Amino acid sequence: MLFNFIPHGIAVLLIVSGLPMALKLIPYNRHFGYRTELALSSESLWYSMNQTAGILFVIGGCLSLAAIWLLAQLQANGTLSWSEQTRQLIAVLIPAGFAI
């Protein structure tokens with residue numbers, strides 16, 4: 001039963017971790033955020049690149065939640081005959097891949 005909530009948790013994790021980045025609330029650091037040599041080379045680049053990454057994380061999380069809901073509706077209507085695990089895997093991996 002716990003497996004049913006994993007896709008939702010991943011989607012929410014993407015949104016929760018992306019919001020502070022998108023709102024430029026994460027200070028310049030080497031521990032959390034979009035850490036590349038280019039991003040760490042200047043504070044202005046840090047905020048700009050983290051804002052973009054945060055927005056993509058939030059979009060990916062929202063798309064994931066929408067995909068989870070849509071696939072559940074299609075399966076409930078009998079339109080899809082996929083297994084529960086396949087439906088959840090698709091709902092999470094496609095938007096999560098977009099965010100990464």
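User: Why is W46 called buried?

Analyst: In this predicted model, W46 has a relative accessible area of 0%, and because buried means under 20%, exposed over 50% and partly exposed in between, with a 1.4 Å probe and protein chains only as cover, W46 counts as buried. Residues are numbered from 1 along each chain as its sequence is written. Local features need pLDDT of at least 70 and side-chain atom pairs count only at pLDDT 80 or more, whereas totals for chains, interfaces and linings use all residues, and side-chain values use heavy atoms, without hydrogens or water.

User: What makes Y28 and W46 an aromatic pair, and why is the pair called edge-to-face?

Analyst: A search of the whole structure finds 1 aromatic pair, and in this pair the rings of Y28 and W46 are 5.8 Å apart from centre to centre, with 80 degrees between their planes. Rings of Phe, Tyr and Trp (its six-membered ring) pair if their centres lie within 6.5 Å, and planes under 30 degrees apart are stacked, over 60 edge-to-face and the rest tilted, so Y28 and W46 qualify as a pair and are edge-to-face.

User: How do you know that this pair links distant parts of the chain?

Analyst: Y28 belongs to the loop between α1 (6-22) and α2 (37-41), whereas W46 sits in helix α3 (residues 43-76), and the two are 18 residues apart. The helices are DSSP runs (H or I, at least four residues), as strands are (E, at least two), numbered from the N terminus. The chain has 4 helices and 0 strands, in the order α-α-α-α along the sequence.

User: Why is S17 called buried, and what does its side chain reach?

Analyst: S17, in helix α1, has a relative accessible area of 16%, so it is buried. A polar atom of its side chain lies 2.8 Å from the backbone oxygen of L13, and the side chain of S17 also reaches the backbone oxygen of L14 at 3.3 Å. Leaving aside neighbours within four places in sequence, S17 is in contact (heavy atoms within 4.5 Å) with F32 and F57.

User: Which residues make the nonpolar surface patch?

Analyst: I55, L56, I59 and L63 make a nonpolar patch of about 300 Å². L63 is in helix α3 and, at 43% relative accessibility, counts as partly exposed.

Terms used: Patches are made of residues with over 30% relative accessible area and no salt bridge: like charges are joined within 9 Å, nonpolar side chains (Val, Leu, Ile, Met, Phe, Trp, Tyr) within 5 Å. Accessible areas come from the Shrake-Rupley method with a 1.4 Å probe; for residues, only the protein chains shown count as cover. A salt bridge is a side-chain nitrogen of Lys or Arg within 4 Å of a carboxyl oxygen of Asp or Glu. A polar contact is a pair of N or O atoms within 3.5 Å; within protein, one must be able to donate a hydrogen and the other to accept it, and residues adjacent in sequence count only if both atoms are side-chain atoms.
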